[in-house]
Amino acid sequence: MDIEKKHFTCVICPIGCEIDVELQDSNVVSIEGSKCAKGKEFVSQELKEPMRILTTTIRMKGAKWAMLPVRTDKPIPKRLLFMVMKELQNIELKAPVQMSDVIIRDIAGTGANILATRNMKKEREGKSV
Ligand code: SF4
């Protein structure tokens with residue numbers, strides 16, 4: 001049986017281990033390059049369904065800044081990132097917003113919530129309050 005080779009860069013921590021995997025009949029027969037066990041879990045998940053935390057911005061109204069930075073509270077399937085981004089493009093929030101506020105629950109049925117990652121105060125007469 002042919003051996004299939006795959007390469008991954010682990011995104012679990014900033015070290016970013018380069019991991020080489022050999023597969024036979026879709027089963028992992030060797031894995032090299034991970035500095036800890038999380039790398040093996042990462043590869044296993046990548047082979048099943050790649051997952052990512054989404055970080056992006058949402059438009060704001062009546063706030064000091066035009067865009068609010070947000071992220072998902074847990075990884076979502078990588079294949080859904082574009083669809084979720086499109087959904088967020090249609091949203092405009094009103095200030096104020098507090099950091100860690102849940103902006104949207106269960107975004108696009110992923111089970112993940114969208115959280116604000118900074119405070120956003122109202123803007124009044126040219127000043128944020
Ligand atoms: S394998 Fe371990 S040490 Fe390497 S990037 Fe992943 S989590 Fe970090």
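A residue is buried if 20 or more other C-beta atoms lie within 10 Å of its own, exposed if 12 or fewer, and partly exposed in between, with C-beta atoms placed from the backbone. This is a predicted model: local features need pLDDT of at least 70, side-chain atom pairs count only at pLDDT 80 or more, and totals for chains, interfaces and linings use all residues. Numbering starts from 1 along each chain as its sequence is written.

**Exercise 1.** Decide whether Met 85 is buried or exposed.

*Solution.* Start with its place: Met 85 sits in helix 2, residues 81–89. Helices (H or I, at least four residues) and strands (E, at least two) are DSSP runs, numbered from the N terminus. Next, count neighbours. Met 85 has 12 other C-beta atoms within 10 Å, so it is exposed.

**Exercise 2.** Find which residues of helix 1 are buried and what they pack against.

*Solution.* Helix 1 covers residues 37–48, twelve in number. From first C-alpha to last it reaches 17 Å, close to the 16 Å expected at 1.5 Å a residue (1.5 Å times one less than the number of residues). Its buried residues are Gly 39, Phe 42 and Val 43. They lie on the same side of helix 1, because they cover an arc of only 100 degrees around the axis (taken from the directions from the helix axis to the C-beta atoms). The buried residues pack against strand 1 (4–9), strand 2 (18–24) and strand 3 (27–32) (contact means C-beta atoms, placed from the backbone, within 7 Å). The face turned away from the buried side carries exposed Ala 37, Ser 44 and Lys 48.

**Exercise 3.** Describe the residues around the ligand.

*Solution.* Now sort by type: seven nonpolar, three polar and two charged. Here Ala, Val, Leu, Ile, Met, Phe, Trp, Tyr, Cys and Pro count as nonpolar, Asp, Glu, Lys and Arg as charged, and the others, Gly among them, as polar.

**Exercise 4.** State how many helices and strands the protein has, and in what order.

*Solution.* There are two helices and twelve strands. From the N terminus the order is β-β-β-α-β-β-β-β-α-β-β-β-β-β.

Methods. Near = placed C-beta within 6 Å. Contact = placed C-beta atoms within 7 Å.
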